[in-house]
Amino acid sequence: SRKTSSLLELKRAVEFAADVGFGGPVVVHTGEFERPIVDADWSKKTEDKGKFEMYEGEKERASYRVVDSRTGSLIAEARRNRNVSRPVWLRAEQDNSAKGIKKGDFVNYFGEKVDYTDRVPEYDDKAGTFKVTQMTWDDLETESHIMTTRLREEYNKWNTYTEEQKQKSIWRSRIEKAMDKNLPPDKLEIRAEEAYIIATLETNAGTARGWALQYAGDFKEMVKQVEKLQEAHEYYKQLEETTDEKERWRLQRMERQFSEFVPPEAKNPTELIERQLKQLRHQLKHHQESSAAQMTQAEESMETIRHVESAEIYAIREACDAYARSAINAMQQTNKLQEEGKLKPGKPLKIALENLFPEHYGSHPDELITLIKESRTRMIELLKKDYGLVEKEAEERARQHITATFDMGHMNMWRKYWKSDVKKSIKENNDDFNTWILGKVEKMAQEKIIGHVHIDDNYGYQDDHLAPGEGNTPIKDMI
């Protein structure tokens with residue numbers, strides 16, 4: 001896999017740094033994936049809200065990838081400007097304390113409360129069809145909040161569930177992973193892009209189940225017909241064998257009980273019955289295969305729902321795991337150099353994550369902080385689990401061997417996406433941007449993530465690698 005090859009490449013780099021440099025940082029570019037700037041987490045929740053935009057209308061045209069958490073393979077791409085169709089689920093219009101129903105709960109056509117996975121579509125009496133709605137991105141964000149609430153509720157009740165309830169839950173995979181990590185409920189969240197794919201897969205599952213039920217419904221009736229035909233075949237076979245050839249004409253007078261299978265003009269009833277049996281068995285096989293295949297497809301869609309995950313979340317988790325494992329290798333090489341007396345004083349080998357270009361994840365200071373912290377957390381987990389280190393020692397090792405490479409020129413490239421205030425002068429807008437940069441540098445310093453620095457300059461558009469002072473990067477103030 002790509003992750004394995006990347007880990008091996010990092011391992012080679014660490015061993016080279018040990019053999020040649022006798023310690024120091026091994027710089028690794030971040031930029032795990034492209035993501036919309038205008039809708040990044042930091043752009044929605046922090047002091048950076050509304051300050052950056054990659055291009056006009058970016059928010060409306062943003063797209064988000066969703067993957068299968070079991071394999072990392074792409075399921076689909078969700079787009080803000082594309083609606084998704086979904087049934088209108090039947091809900092209680094008012095409270096019913098006698099039945100334990102609250103307004104908004106899912107109910108069936110008999111007014112009984114049902115589980116989320118047993119929801120039924122609302123029927124439109126006038127149109128004679130089931131209701132369908134077009135969900136906008138805003139609707140999906142609302143739906144994601146509802147799903148998040150239900151996910152957290154199930155998480156809190158999980159230990160009281162039966163095994164059957166656990167297997168049926170569409171949140172099973174998420175809850176089991178969260179419990180393994182002992183996460184609090186507020187760490188569980190369904191994103192809008194995940195809700196988008198879940199809604200699509202639920203529709204697919206519903207369609208498949210409908211066909212499965214259709215085929216299965218006819219199946220039992222067809223089995224009965226086959227049994228009846230076999231009985232008729234046996235009856236006429238005996239008659240043919242025991243009837244004198246001169247008396248065979250009597251067989252044209254059909255017994256009433258089998259007249260539905262053999263027409264009155266038949267001269268050889270068994271042949272006609274055999275022909276019908278062959279045809280009916282063929283149909284029976286078709287219904288059996290079709291029903292089983294459709295039900296399998298429905299179950300596969302539901303199982304995929306259990307493993308739907310935002311590509312961003314998946315990529316960050318996998319990246320942090322890779323950085324942590326590489327850092328452990330750096331730790332082992334450091335120990336080896338120390339034992340041989342070759343380690344440069346105060347220069348342990350470390351994985352140094354570098355902020356790359358604004359278009360990619362990890363370039364924003366908040367994202368870089370997240371990558372460093374999550375990688376350290378993962379390394380601590382691995383050191384405690386696989387190497388038997390106690391918490392305090394594991395924390396110290398993680399801080400020592402995972403750090404950030406802060407590239408000043410790359411940081412300055414955020415300038416091109418800065419949303420200038422039209423009421424201010426060019427200088428005032430530049431000063432505002434420089435103030436933003438210095439605030440982020442201070443934040444990174446306070447979070448103690450910077451362990452290595454690249455000093456270079458540019459004009460905020462390209463990675464020009466100019467000498468300090470030749471561009472407009474506020475290098476002096478950053479230092």
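Hi everyone, let me start with Asp39, which is buried (under 20% relative accessible area; exposed is over 50%, partly exposed in between, with a 1.4 Å probe and protein chains only), at 8% relative accessibility. Before I go on: this is a predicted model, where local features need pLDDT of at least 70, side-chain atom pairs count only at pLDDT 80 or more, and totals for chains, interfaces and linings use all residues. Residues are numbered from 1 along each chain as its sequence is written, and side-chain values use heavy atoms, with hydrogens and water left out.

Back to our residue. Asp39 makes a salt bridge (a side-chain nitrogen of Lys or Arg within 4 Å of a carboxyl oxygen of Asp or Glu) with Lys59, and the closest N and O atoms are 3.4 Å apart. Asp39 sits in the loop between strand E1 (25–29) and helix H2 (41–45), and Lys59 in helix H3 (residues 58–61), so the pair ties together parts that are 20 residues apart in sequence. For those labels, helices (H or I, at least four residues) and strands (E, at least two) are DSSP runs, numbered from the N terminus. Lys59 itself is partly exposed, at 32% relative accessibility.

How many salt bridges does the rule give? The count is 36.

Here is one that spans the chain: Lys3 pairs with Asp321, with 2.6 Å between the closest N and O atoms. Asp321 is buried, at a relative accessible area of 9%, while Lys3 is partly exposed at 25%. There is also a network here: salt bridges with shared partners join Lys3, Glu318, Asp321, Arg325, Arg378 and Glu381.

Now a local pair. Glu15 and Lys11 form a salt bridge at 2.7 Å, N to O. Both are in helix H1, four residues apart, or about one turn of the helix. Glu15 is partly exposed at 27% relative accessibility, and Lys11 is partly exposed at 38%.

Asn182 is in the loop between helix H6 (172–180) and helix H7 (192–242), and is exposed, with a relative accessible area of 68%. Another is Lys448, whose phi is near 55°. Lys448 lies in the loop between helix H13 (426–446) and strand E11 (450–454), and counts as exposed at 65% relative accessibility.

Thanks, everyone!
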